[in-house]
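Please look over the model below before reading on.

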Amino acid sequence: MSKAIVAAVVLAALALGGCASSMMVPSASQEVRPAAAGKVQVVFMRTSIVAGAIGADLFEVENGRLQYIGSLSHGYKIVHETTPGKKTFMAYGTAADFMLGDLEAGKTYYSIVRPNWGSGGMIPTPIKVHPTAAYNTSMPEFRKWIADTKRVEPIPAERDAWMAKEKDRMQQIYAQYWAQFQGKSDAQKAERTLEREDGMR
């Protein structure tokens with residue numbers, strides 16, 4: 001991608017005002033503790049400096065409605081607590097993409113949020129336990145990603161105010177890109193799915 005196109009993508013992202021990274025603050029504890037009984041944790045990490053000027057807004061999708069998780073910048077991580085079972089997560093930069101899950105209670109799962117050069121979007125990618133997966137827990141980089149990213153969380157009042165303002169726009173974005181995601185093959189969707197065995201206790 002040429003520098004001119006990259007610059008245009010960055011300017012478009014800033015103009016849209018979609019990134020809410022200013023509401024994110026360091027967590028009181030930087031430790032990723034085990035998941036609470038009956039709950040699941042998904043740790044979203046962002047390590048690539050590519051498209052670093054574009055924020056990645058993260059959502060959990062519940063019955064077609066977006067629940068805002070937070071905004072993820074380069075060098076940071078968000079620990080998201082949720083319920084076990086079938087899940088859909090969305091990341092949005094200047095385009096949206098998705099990660100699926102079948103999550104087991106009491107486990108912590110990991111995802112690396114990667115930039116998409118072609119669209120300026122963000123791809124929430126499962127980190128799987130199987131060593132043949134493109135991103136897996138056996139990679140030497142995995143522990144480094146955990147150690148080198150700083151944990152942040154949203155300020156609740158600012159998070160809620162941002163989502164109230166942006167909800168309709170983000171729902172339209174979800175509908176557009178979710179329809180595109182449905183065109184992926186079963187194998188492609190499997191690559192984008194956190195399975196029960198991918199979690200850690």
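1. Basis. This is a predicted model, in which local features need pLDDT of at least 70 and side-chain atom pairs count only at pLDDT 80 or more, while totals for chains, interfaces and linings use all residues. Residues are numbered from 1 along each chain as its sequence is written, and side-chain values use heavy atoms, with hydrogens and water left out.

2. As to terms, strands (E, at least two residues) and helices (H or I, at least four) are DSSP runs numbered from the N terminus; two strands pair if DSSP finds at least two bridges between them.

3. Pairing around strand 10. Strand 1 (residues 24–26) and strand 10 (residues 150–154) run antiparallel and are joined by three bridges. Across this pairing, Pro26 stands opposite Val152. Strand 5 also pairs with strand 10, here in the parallel sense over two bridges. Lys77 has Arg151 of strand 10 as its bridge partner.

4. Strand 8 (residues 108–115) and strand 9 run antiparallel, with five bridges between them. Opposite Ile123 of strand 9 stands Arg114, and opposite Met122 stands Pro115. Six residues lie between the two strands of the hairpin, and Gly120 has a positive phi near 80 degrees.

5. Buried means under 20% relative accessible area, exposed over 50%, and partly exposed in between (1.4 Å probe, protein chains only). In a regular strand, side chains alternate between the two faces of the sheet. In strand 9, Met122, Pro124 and Pro126 point one way, Ile123 and Thr125 point the other way, and all are buried.

6. The five-strand sheet. Strand 3 (residues 56–62) runs antiparallel to strand 4, and seven bridges join them. One of the pairings puts Asp57 with Ser71 of strand 4 as bridge partner.

7. Helix 2. In helix 2 (residues 140–148), the residues Phe142, Trp145 and Ile146 are buried. Seen down the helix axis, the buried residues of helix 2 fall within an arc of 95 degrees, so they line one face; the arc is taken from the directions from the axis to the C-beta atoms. These buried residues pack against strand 2 (40–46), strand 5 (76–82) and strand 8, where contact means heavy atoms within 4.5 Å. On the face turned away are the exposed residues Pro140, Arg143, Lys144 and Ala147.

8. Aromatic pairs. The whole structure holds 11 aromatic pairs. Rings of Phe, Tyr and Trp (its six-membered ring) pair if their centres lie within 6.5 Å; planes under 30 degrees apart count as stacked, over 60 as edge-to-face and the rest as tilted. The centres of Phe98 and Tyr174 are 6.0 Å apart with the planes at 70 degrees, so this pair is edge-to-face. Phe98 lies in strand 7 (residues 96–103) and Tyr174 in helix 3 (residues 156–181), so the pair ties together parts 76 residues apart in sequence.

9. Phe98 is buried at a relative accessible area of 0%, and Tyr174 is buried at 10%. Phe98 forms another edge-to-face pair with Trp178, at 4.9 Å centre to centre and 70 degrees between the planes. That pair links Phe98 in strand 7 to Trp178 in helix 3, 80 residues apart. Trp178 is partly exposed, with a relative accessible area of 23%. Ring pairs link Phe98, Tyr174, Trp178 and Phe181 into a cluster.
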